[in-house]
Amino acid sequence: GKKINPVAIPGGKGLGITLAGRNARRSLPPEILAKIAALVDSVLKPGEIRLFGAATEKRLARELILSLPATPRNKINDLTGATGWKDLAEQLTGLDLLLAPDTGTAHLAACLGVPVMAFFLSSALCHETGPYGLGHTVWQASGNCVPCIESAACPIETKCLLPFASRDFYRSLTEFLKEGRPPAKLPDGLLLYQPKFDELGIEFIAAAGNDEYAKKRAYARLLVKNWLRLKTPLDNEAALINEFRDYIGELFPEDEWAVPPERYS
């Protein structure tokens, strides 16, 4: 477990930025990513800023660079289109932090023990895709449209992007970077998740923001732990069973555990 998901620790070799995910709707636009990068640079003061991406993302790299103030712009080492997996691993190793959407590069960095600060729009959920291991941070869009299908047209003009362009977000990010603890308040439509481990494995806990599904996820984990005989107590079991009766039926359909099973075939 520790070899696959080591605790992420800054390595002193600068800041990395992954330009995009596999779909434009999974990624922050260059002008917003540039503001985040400039803010991170002003607080952490990394020696170098490395850009990662495929050759097809060179245009995004140029737009990002042109959107940066002079100080971070002069630190750029543009590696878009220049790294295979082996080279990418070498360039990621030892970074202080990687800024990224939900991408293979982020997962590789996490496996290498590099801290990942991820920015997830509506099409990605950290509960499903990580980054795995301790020491990472996910700024997660929230709302009744999450999760969405990124390949389909968005009927609400990518509303999940709005929190990342707000002044409140930049204040929250600055507070988090400077103080090393979750901000007191986040803009609407945004959550800050940090990972932890329990008997079942990794889970992401909302360190800031209103996570309306936290109770349901916690109860689902309790059910599975109990079923696996991990000896986790179920507090107020009767009340919880009554509240989540329909959900329990979804998790454990009667025709999957009833004996004899052929009765329902």
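Predicted model: local features only at pLDDT ≥ 70, side-chain atom pairs only at ≥ 80, totals over all residues.
Biologist: Why are H1 and H2 called oblique to each other?
Modeller: The two helices pack at an angle of about 50°, with their axes 8 Å apart, the axes being lines fitted to C-alpha atoms over the stretch in contact and the angle being taken between N-to-C directions on a scale from 0 to 180 degrees. Angles under 35 degrees count as roughly parallel, over 145 as roughly antiparallel, 65 to 115 as roughly perpendicular, and the rest as oblique; H1 and H2 are therefore oblique. Their contact, meaning heavy atoms within 4.5 Å, involves Pro 30, Glu 31, Leu 33 and Ala 34 of H1 with Leu 60, Glu 63, Leu 64 and Ser 67 of H2.

Biologist: How do you know the class of each residue in the contact of H1 with H2?
Modeller: Ala, Val, Leu, Ile, Met, Phe, Trp, Tyr, Cys and Pro count as nonpolar, Asp, Glu, Lys and Arg as charged, and the others, Gly among them, as polar. On that basis this contact has 5 nonpolar, 1 polar and 2 charged residues.

Biologist: What makes the pair H1 and H7 roughly parallel?
Modeller: Helix H1 (residues 30-44) and helix H7 (residues 167-179) pack at about 30°, their axes being 10 Å apart, and because that angle falls in the range counted as roughly parallel, the pair is given that name. H1 passes H7 in a right-handed crossing. From H1 the contact takes Ile 32, Lys 35, Ile 36, Leu 39, Val 40 and Val 43, and from H7 it takes Phe 169, Tyr 170, Leu 173, Thr 174, Leu 177 and Lys 178. By class, the contact of H1 with H7 divides into 9 nonpolar, 1 polar and 2 charged residues.

Biologist: Why are H4 and H5 described as oblique?
Modeller: The axes of H4 (residues 85-92) and H5 (residues 104-111) come within 10 Å and cross at roughly 55°, and the two helices are therefore oblique. Their crossing is right-handed. Trp 85, Leu 88, Ala 89 and Leu 92 of H4 meet Gly 104, Thr 105, Leu 108 and Ala 109 of H5, which by class gives 6 nonpolar, 2 polar and no charged residues.

Biologist: How do you know that Cys 160 is in no disulfide?
Modeller: A disulfide is a pair of cysteine sulfur atoms within 2.5 Å, and the nearest cysteine sulfur to that of Cys 160 belongs to Cys 145, at 5.9 Å. The structure as a whole holds 0 disulfides.

Biologist: Why is Cys 160 called buried?
Modeller: Buried means under 20% relative accessible area, exposed over 50%, and partly exposed in between (1.4 Å probe, protein chains only); at 10%, Cys 160 is therefore buried. Cys 126 is likewise buried, at 0%, and so is Ser 122, at 2%. Ser 122 sits in the loop between strand E5 (116-120) and H6 and, leaving aside residues up to four places away in sequence, touches Ala 141, Cys 145, Val 146, Pro 147, Cys 148 and Cys 160.

Biologist: What makes Glu 157 exposed or buried?
Modeller: Its relative accessibility of 73% places Glu 157 among the exposed residues, whereas Thr 158, at 22%, counts as partly exposed. Phi is near 55° in Glu 157 and near 50° in Thr 158, in each case a positive value in a residue other than glycine.

Biologist: Which residues does the model rely on, and how are they numbered?
Modeller: Local features need pLDDT of at least 70 and side-chain atom pairs count only at pLDDT 80 or more, while totals for chains, interfaces and linings use all residues. Residues are numbered from 1 along each chain as its sequence is written, and side-chain values use heavy atoms, with hydrogens and water left out.

How values were computed. Helix = DSSP H or I, 4+ residues; strand = E, 2+ residues; numbered from the N terminus. Left-handed = near helix turned anticlockwise from the far one by under 90°.
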